[in-house]
Every structure is written in C-alpha cells, then in structure tokens.
Amino acid sequence: MAITADYTGAHSVQQPASAAPEDYTHYRIVKAKYPARFFGTLFAALIIVVTLQSILTNPKWGWNVFAEWFFSAPVLAGLGRTLLLTALATVLGFALGTALALARVSKSPLLSGLSWAYIWLLRSIPLIVLLLILNNLGYLYATVRLGIPYTDILFAEYPTISILSPFAAALIGLSLNQAAFSSEIIRGGILSVDQGQLEAAAALGLSRRRQAFRIILPQAMRTILPTGFNEIIGLAKGTSMVYVLALPELFYTVQVIYRRNLEVVPLLMVATVWYLIIMTFLSVAQHYIERHYSKGALRNPPAPILRKLFRRLFGAPILARPQPVTVASLQNFTQRATDRSIPLAKWRAPGSVKIQGVSKSFGLLKVLDDIRLDIKAGSVTAILGPSGSGKSTLLRTINHLERVDDGFITVDNELVGYRKSGRTLYELKEKDILKRRADIGMVFQSFNLFPHLTVLENIIEAPVSLGHLTRPEAISLARELLARVGLSDKINAYPRQLSGGQQQRVAIARALALRPKVLLFDEPTSALDPELVGEVLDVIKELARSGTTLIIVTHEIGFAREVADTVIFMDAGKIVETGSPEQVLNRPKNARTGEFLAKVL
C-alpha cells in the first residue's frame with residue numbers, strides 16, 4: 001500500500017485493490033518430518049532383524065528337528081486334544097460362569113450366597129490340586145448312582161472310575177475352575193451397565209430373561225470381552241497342567257518326545273510356535289467379536305483389520321460391507337418424513353389414572369405423602385415443582401418402577417402392581433407387572449435408549465418380544481412413528497450418532513410403539529441444549545392434540561401453559577395446588593406456588 005498526501009497536508013493510507021485469489025492446486029507439498037519417529041522406527045527394525053538373525057542362524061536351535069516334529073502325528077494329536085479341551089472348557093466354563101454371575105446379582109440371599117461360596121472355593125483351590133482330586137474321585141465315591149435321593153429308588157449305577165476318564169476329569173476340572181473366574185468377569189460387566197438401561201427395559205415390559213440376554217449382557221460384553229479373552233488364552237495355555245493326569249495334550253506329548261530323543265529346545269519350540277498360532281487366532285477372533293459388540297459405542301467405528309489390510313495391499317476396499325438401505329431412499333416413505341398427522345388415538349383408547357393415598361419413603365426421607373389424583377382419559381397433566389419435591393418419584397410409581405409404601409394406583413380401574421380377588425389384593429409377580437407396564441409408556445429424562453441397538457431395533461424390541469406385533473408389523477409401525485417425529489432417515493443409525501433432540505424423539509417413538517393408554521414424560525427436555533428443546537416439545541404438542549393421555553413432569557412453564565389441561569404443583573412430597581393452567585400459573589391460590597413461580601418466570 002502507498003502513503004499519499006491529501007489537500008490538507010495530512011497523510012492517509014490507501015488500501016490496495018482486492019487481488020484475485022491465488023491458485024495453489026499445482027504447488028508441490030512437502031510433508032512434515034518427524035526425526036524422533038524415524039529413528040524410533042529404525043531402532044525397532046534393527047531389534048527385529050538382530051533377533052531373527054540370531055534365532056535363524058544359531059544351529060543349536062535345531063530347526064531341522066523342529067521341522068521334523070512340527071507336523072508329526074503325535075504332536076498334531078496332542079494339539080487336537082488341547083484345542084478340544086480349550087473349546088469345550090470355554091463354552092462350559094462361561095456358561096456356568098454366566099449362571100453364577102446372574103445368581104450373584106440375584107435378590108435371593110441364599111442363591112447369591114451359594115454362588116459366592118462356589119466362587120470363593122474354586123478360586124482358592126490351585127488348578128493342579130483340583131485336577132488331582134477329580135482324578136482320584138473314584139477313591140472317595142466308588143460308584144455314581146442315578147435315582148431319587150433319600151429313597152431306595154435307583155435308576156442306574158456306574159463305577160466312578162469308568163465314567164471319569166483322564167479327559168473327562170481334565171474337562172470338568174478346567175470348566176469348574178474357569179467358571180469361578182469368568183463369573184466375576186461377567187458380573188463386573190453386568191454392574192458396568194447403566195441402571196437406566198434396566199429401568200428402560202422394565203418400563204417397556206420386557207421379560208427379565210429378555211432384559212438380561214438382549215439388553216444387559218450385550219452391553220456388558222464390551223467390558224467382559226478384554227478380560228474374558230485373557231481368561232480363554234490363559235485356559236489354552238493352562239491345558240498344559242493336565243500333564244498330571246498323563247493326558248497326552250500338546251505339552252505332555254512334547255515332553256514325552258524330548259525325553260526320548262533329548263532334543264529339548266527344538267521340541268519346546270514346536271509347542272511354543274503352536275501356542276503362538278492358537279493365541280494369534282484367538283486375538284483376531286477377539287478383535288472381531290469386540291467390534292461386533294461395540295455397535296453403537298462409537299460414531300465412526302474403525303474398519304475391520306482384514307479390510308484395512310486389503311485396502312493397503314490393493315488400494316480398494318475389497319471387503320467393504322454395503323451400506324444399509326435407509327427409509328429416506330424408499331419413495332413410499334419420503335412423503336411420511338414431513339407428515340406428522342398420523343392419528344394415534346385410533347390405536348388404543350386413552351386411559352384414566354387414579355392415585356389413591358400414595359406414600360413413599362426412602363429410609364427416613366418421605367418423598368411422597370398421601371398423594372391423591374384423578375387424571376381423566378385423554379387429558380394432558382403437567383406436574384411442576386422444585387427439585388426434590390417428589391415429581392419424578394410420583395411418575396415412576398404410576399408404572400410401578402417404584403413400589404409404593406401405602407396407597408394404590410389404577411389405570412382404567414385396573415390396579416398397577418396388584419391383583420384383586422374379592423376384598424383381598426395380591427401383589428403381582430415381576431413378570432405380570434411387566435405385562436401391565438405395556439399399557440403405560442415412559443420417556444426418560446436421559447433418553448435411556450439401548451446404545452447397542454439401531455433406532456429401528458430400539459423401537460421394535462418391545463412390541464415383538466411381548467408378542468403384540470409380528471416383526472414385519474412392528475417395522476411398518478416403527479417407520480410410521482419415525483415419520484411422525486421427523487426421523488425417517490435415521491432408521492439404521494445408532495443412538496450415539498444422533499443429537500440429543502433426535503434421541504429424545506426416538507425415545508418417544510419407542511414408547512409409542514407399544515400403543516400405551518398413558519404416556520409418562522419425566523422432564524423430557526432437561527437433558528437438552530436450549531436450541532434442541534423446541535423440536536421435542538413440538539412432538540409432545542402433536543401427541544397432546546391426538547388425544548393420548550399425557551402426564552408430564554417439566555420445568556417448561558410456557559409449555560405447560562400451552563398444552564396442559566391441568567397443572568399440578570408439588571412441594572415436599574405433597575400436592576400443594578391443582579387447577580387449570582390459567583388459574584395455577586396466573587392466579588395461584590397457595591403462597592408456596594406463587595413463590596415458586598415468581599422465581600422461575
């Protein structure tokens with residue numbers, strides 16, 4: 001730029017004319033250099049070369065003897081027994097370990113105590129001692145009898161020594177030992193799953209078995225697998241311990257051979273290399289199994305090892321998996337993505353809710369104190385109040401996620417959690433309570449979507465598992481619901497790939513998939529950024545206009561004013577005031593209500 005003089009004699013700065021953008025497309029690019037990384041790589045390569053040269057050129061390693069015995073019949077037979085023992089003991093050990101882990105977290109103190117005692121005992125006994133005890137079991141119990149205990153009824157009788165062969169003793173010992181350690185690994189995985197996942201599964205009415213094997217264990221597997229595979233690898237190497245039973249597995253076979261020909265090192269290398277091959281296959285299997293169970297854990301999961309290898313070798317993703325087809329690509333659902341007028345009331349008539357004298361305490365803290373409410377079918381009820389006033393607890397008692405201490409709750413005059421017979425009430429078993437919950441949908445504050453399931457799988461899980469719909473019917477319904485909440489294009493996405501507002505809309509669709517009589521919202525926008533609140537509130541407004549019975553715990557005063565038929569204000573576990581939005585929010589009768597509104601408005 002140039003400095004020029006104006007008519008006053010002062011100096012001014014003349015701005016240059018805007019230059020055309022420079023074209024960098026043909027510039028040569030020099031990559032950044034990292035000397036430390038280069039020398040580190042060089043050092044690692046040197047170590048590898050020196051080590052291989054030392055091993056391959058030293059004649060005392062006896063590679064000719066190694067080559068002679070590596071594929072010999074006795075070694076392969078021993079290898080086969082090692083693999084068979086590893087596979088069977090892994091399956092049996094982890095199956096028993098799963099049962100022990102579930103027993104440990106059981107609410108039955110006797111069952112939990114028995115599981116703990118087994119784990120304590122088997123982890124205390126060295127494996128070699130356990131194997132020797134099993135091998136000598138015939139001394140303690142000469143026969144095995146099948147019959148009815150404590151009676152003279154006998155079906156069959158066998159000599160113990162004929163049943164408990166060395167292979168059987170080895171398999172039983174390895175399995176029992178493995179079960180004790182794997183049970184604690186599995187229990188740790190179960191405890192790592194967020195409590196909200198259990199509550200979400202229970203609120204959908206999924207059976208306890210379905211909760212365990214479809215929701216909890218798949219998520220727990222991410223924690224279980226690394227240490228679990230360590231145990232499997234340890235088991236594969238631990239099979240060498242069965243040499244005390246004179247069972248010719250890989251290590252024992254190698255011992256027999258080198259005691260005859262005195263070629264100790266070459267024969268030990270035979271066993272070592274075969275163990276390395278076994279561990280390599282197990283490590284690759286671990287990678288792919290971990291990748292399978294990490295579904296939904298990452299926004300962009302890494303590509304499989306083999307795909308990376310082929311891409312690097314051939315420059316193309318030969319093993320690339322085809323992308324799933326989304327609803328957005330199907331023309332017959334494109335229009336649905338913007339159509340939110342699908343009537344929900346035709347699915348099932350909305351239900352009424354009556355709360356009669358409900359009280360609930362946690363220790364010495366009384367959270368609900370003689371709550372009485374009559375909520376009409378098809379109405380929208382907003383519950384307001386300060387934190388700790390009992391709002392969420394009241395909501396959770398309606399679908400029996402929290403058992404009340406006193407009082408009763410009915411939905412369409414059917415008791416929640418109890419069965420009436422004459423003038424007697426019988427508390428329902430958990431499986432029967434789960435069936436009743438299908439009438440009461442719930443949308444949680446923190447979404448509680450199942451992270452390992454896609455959006456579609458989240459929505460169809462409950463209707464299919466409860467037998468309400470066939471899978472094709474549930475998929476069709478899920479597509480309609482996703483179109484209603486504006487998420488048709490997210491049908492194959494995982495929750496972690498969605499924004500908070502999108503996750504909450506999926507949670508609403510999941511609750512609606514059961515076509516409930518009553519829908520509960522526990523502060524549905526409190527976990528969202530302010531700019532995401534509107535999209536969730538719009539969906540709830542549409543539901544309110546459809547005639548569904550809604551009970552909403554919220555801090556959104558403006559929203560409550562707009563959509564609610566009835567506003568309830570709670571404080572210290574009691575209902576302080578009930579009335580229309582205009583009356584409660586504009587002309588509160590109770591001083592405590594007015595004080596609260598003055599702070600939040």
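Reader: How many helices and strands are there in the chain?
Author: This is a predicted model, and in it the chain has 23 helices and 16 strands.

Reader: And what share of the residues is buried?
Author: Of the 601 residues in the chain, 44% are buried. The accessible surface comes to about 32,900 Å², and carbon and sulfur atoms account for 59% of that surface.

Reader: What about contacts, how many of them join residues at least 24 apart?
Author: If you take the contacts between residues at least 6 apart in sequence, 69% of them join residues at least 24 apart.

Reader: Let's turn to H17. Is it enclosed or open?
Author: Helix H17 is largely enclosed by the rest of the structure, because eight of its eleven residues are buried. Those buried residues are Val455, Leu456, Asn458, Ile459, Ile460, Glu461, Ala462 and Pro463.

Reader: Which helices do they pack against?
Author: The buried residues of H17 pack against helix H10, residues 208–238, helix H18, residues 471–484, and helix H19, residues 500–512. Just after H17 comes Gly467, which takes a positive phi of about 80 degrees.

Reader: Pick out Ile459 for me: why does it count as buried?
Author: Ile459, which lies in helix H17, has a relative accessibility of 1%, and since buried means under 20%, it therefore counts as buried.

Reader: What is Ile459 in contact with, leaving aside its neighbours in sequence?
Author: Once neighbours within four places in sequence are set aside, Ile459 is in contact with Ala478, Leu481, Leu482, Val506, Ala509, Arg510 and Ala513. As for Ile508, its C-alpha is 9.3 Å from the C-alpha of Ile459, although 49 residues separate the two in sequence.

Reader: Changing topic, at what angle do H2 and H12 cross?
Author: The axes of helix H2, residues 63–70, and helix H12, residues 264–293, cross at roughly 55 degrees and come within 8 Å of each other. That angle makes H2 oblique to H12, and the crossing is right-handed.

Reader: Which residues make the contact?
Author: On the H2 side the contact is made by Trp63, Val65, Phe66, Trp69 and Phe70, while H12 contributes Pro266, Leu267, Met269, Val270, Val273, Trp274 and Ile277.

Technical notes:
Residues numbered from 1 in each chain as written. Predicted model: local features only at pLDDT ≥ 70, side-chain atom pairs only at ≥ 80, totals over all residues. Heavy atoms only, no water. Axes fitted to C-alpha atoms, helices over the stretch in contact; angles between N-to-C directions. Helix = DSSP H or I, 4+ residues; strand = E, 2+ residues; numbered from the N terminus. Parallel < 35°, antiparallel > 145°, perpendicular 65-115°, else oblique. Left-handed = near helix turned anticlockwise from the far one by under 90°. Contact = heavy atoms within 4.5 Å. Buried < 20%, exposed > 50% of the residue type's maximum accessible area, 1.4 Å probe, protein only. Areas by Shrake-Rupley, 256 points an atom, 1.4 Å probe, with all protein chains shown as cover.
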